[in-house]
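Biologist: I should like to learn how to read a model of this kind. Please take me through its features in turn.

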Amino acid sequence: MSQTAMIMSVISLIGCLILVTRNSQLRSLGTGKTMRLVAIWAVIIVGLVLVIQLSGFRIQP
């Protein structure tokens, strides 16, 4: 993955997390539970990226 694609992926991920946290039902959970959910999703996404990177999976254009 190129440097530009990596930066765009990170920006997209941050944008998605911001949109999700703007949900009114999520706001009613409280800050502690919200941060816990954000951390869980971040670990899941980073874990999947690491598995893909370590497995050597590449999409050829």
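Modeller: Let us begin with the backbone: just after α3, G56 takes a positive phi of about 80 degrees. Helices here are DSSP runs of H or I with at least four residues, numbered from the N terminus. The model is predicted, so local features need pLDDT of at least 70 and side-chain atom pairs count only at pLDDT 80 or more, while totals for chains, interfaces and linings use all residues. Residues are numbered from 1 along each chain as its sequence is written, and side-chain values use heavy atoms, with hydrogens and water left out.

Biologist: Which elements have the lowest and the highest mean pLDDT?

Modeller: pLDDT is the predictor's confidence in each residue, from 0 to 100. Where it is low, the predicted coordinates should not be read in detail. Helix α2 (residues 24-27) has the lowest mean, 70, and α3 the highest, 85. For the protein, the mean is 80, and 90% of residues reach 70 or more.

Biologist: How many helices and strands are there in the protein?

Modeller: There are 3 helices and 0 strands. The radius of gyration, taken over C-alpha atoms, is compared with a globule rule of 2.2 Å times the number of residues to the power 0.38. The protein has 15 Å, well over the 10 Å that the rule gives for 61 residues, so it is more spread out than a compact globule.

Key
Helices (H or I, at least four residues) and strands (E, at least two) are DSSP runs, numbered from the N terminus.
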